[in-house]
Amino acid sequence: MRNKIDYGIDLGTTNSAVARMENGKPVIKKSDTLKDTHPSCVTITRRKDFLVGDKAVSVNKTDNERAIKNWEKGEVNTYLEFKRTMGTTHSYDSTNLGKALSSEELSAEVLKKLKSYITDENVNSVVITVPAKFLNPQKDATMKAAKLAGFKHIELLQEPVAAATAYGLSSKKKDGYWVVFDFGGGTFDAALIKAEEGILAVKDTAGDNWLGGKNLDNALVDELIIPYLAENYSIDFIINDESKLQMLTAALKPLAEECKNQLSFKDSYNILEEFLPFEDEKGEQPEIDLNVSQSDMDRVLSPFFQKAIDITKELLSKNNLKGSNIDALILVGGPTYSPILRRMLKEQVTENVDTSIDPMTAVAVGAALFASTISVSDEVKDESRDKTKLQLEINYEATTVEFDEMVNVQILKDKTEGKIPDTVFIELTRGDGAWSSGKKKINTEKKT
């Protein structure tokens, strides 16, 4: 039975992740498709089954392709970005389920899926991250979603603090001002963090709830892929019809997303799609063979990156700081892999752009680290106790810089059923077996 929570979840707008402390280190638990993160996407099938993650994304892709085949948008039973409406009265209609679902209910399905990746123990306690700008209604909604997912002890942690905690684990810079630059799939957040003797505090935040990776995908479709199709095929009937154009944009977005991801690590990328499932005005079936360069990406994406940079610069200015005052600019979110963005940040904000942590998993890792300092609630402990065995309470500092640390062990007589031996010894052993305390006698006379 764990004394500390040890589990951290990044419940993201577009992607989520779960991490657990193992042998003193945070470990990301892989999804059912062996990925570090999984999409915050939910589909309800005609059989009323819930599909979450990559399977739901696959259904959404198929639905979008079907739509441009007949130019008819079917009934929607796939849901994305419901984190945006947490704490509101907004609901999502499902024809397959025959009722509407709240943002909390959909978020609960994502949390259940993350929970299912832990197969070796039952998880009842968790730390879940929330944006720094979340107000009480949104925080309450997150708590409700976690309870619907079966968690009994829930602690919330601000996302920038989680990211800064992950960064601080390996950083030699323990004091000063840090900026968490979180460019996610659906939102952008910048947070000014003051680090002082290992204590992290959010001094100020800024952001844009409608600026994120999806804007980049849409821009690539609008400015590269559709112009390519318009130049090579007769598609005026689509371009001049807003409904058809939206359907085509949705179907092309996976191509744009893959292009964006590939060009985070390559100089150029070829978008290839042999046949799109519709005919143009001349009866031809369009195909795509489009080479995209870094200069193309710079032209299309830099205006969106500039918006995020301007918000960050304004945040610093408001706090009477300059880029030279920032000890570390911590990158969070998939789009921050972009070499274009990283170059712009170094040129306009600070040279101290840190790339030492994984932008996709930093928040979950930080949440797990924080979770390792929080004791599991007595209620949860009592529910999971096997009272037929000798029950002990172990107290110690969750984190320490000392070479020697006091560990206090007590026998819980009121939590133990049956006779307690007159003499009880305990031996503490490190997980890797490299250290042991040796057998120590516990005072069985002490009342607890």
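**Helix, rings and sheet in a predicted model**

Biologist: Happy to look at this predicted model with you! Over the ring of which residue does the charged end of Lys-115 sit?

Modeller: The charged end of Lys-115 lies 4.8 Å from the centre of the ring in question. A charge counts as sitting over a ring when, among other conditions, it is within 6 Å of the ring centre. The ring belongs to Phe-151.

Biologist: And how far is the charged end of Lys-194 from the centre of the ring it sits over?

Modeller: Here the ring is that of Tyr-177. The charged end of Lys-194 sits over this ring, and its distance from the centre is 5.1 Å.

Biologist: Let's turn to the aromatic pairs. What kind of pair do Phe-183 and Phe-305 form?

Modeller: The whole structure holds eight aromatic pairs. For Phe-183 and Phe-305, the centres are 5.7 Å apart and the planes make an angle of 75°. Planes over 60 degrees apart count as edge-to-face, so the pair is edge-to-face.

Biologist: How many residues apart are the two in the chain?

Modeller: Phe-183 belongs to strand β12 (residues 176–183), while Phe-305 belongs to helix α8 (residues 294–318). The pair therefore links distant parts of the chain, and the separation is 122 residues.

Biologist: Is Phe-305 buried or exposed?

Modeller: Its relative accessibility is 1%. Buried means under 20%, so Phe-305 counts as buried.

Biologist: Which residue in β17 is the bridge partner of Val-179?

Modeller: β12 and strand β17 (residues 326–332) pair in the parallel sense, over six bridges. In β17, the partner of Val-179 is Leu-329.

Biologist: Which strands stand at the edges of the open sheet?

Modeller: Five strands make up this sheet with mixed pairing, in the order β14-β13-β12-β17-β18. An edge strand here has a single partner, so one of its sides is left without a neighbour in the sheet. The strands at the edges are β14 (199–208) and β18 (353–354).

Biologist: Now helix α1: what span should its 17 residues have?

Modeller: Helix α1 covers residues 54–70, at 1.5 Å a residue. The expected span uses one less than the number of residues.

Biologist: What arc do the buried residues of α1 cover around the axis?

Modeller: The buried residues are Ala-56, Asn-64, Ala-67 and Ile-68. They lie on the same side of α1 because their arc is only 110°.

Biologist: Which residues are exposed on the other side of α1?

Modeller: The buried residues of α1 pack against β5, β6, β7 and α7. Exposed on the other side are Lys-55 and Lys-69.

How values were computed
Residues numbered from 1 in each chain as written. Predicted model: local features only at pLDDT ≥ 70, side-chain atom pairs only at ≥ 80, totals over all residues. Heavy atoms only, no water. Helix = DSSP H or I, 4+ residues; strand = E, 2+ residues; numbered from the N terminus. Buried < 20%, exposed > 50% of the residue type's maximum accessible area, 1.4 Å probe, protein only. Arc of directions from axis to C-beta. Contact = heavy atoms within 4.5 Å. Phe/Tyr/Trp six-rings, centres within 6.5 Å; stacked < 30°, edge-to-face > 60°. Lys NZ or Arg CZ within 6 Å of the ring centre and 35° of its normal. Pairing = 2+ DSSP bridges.
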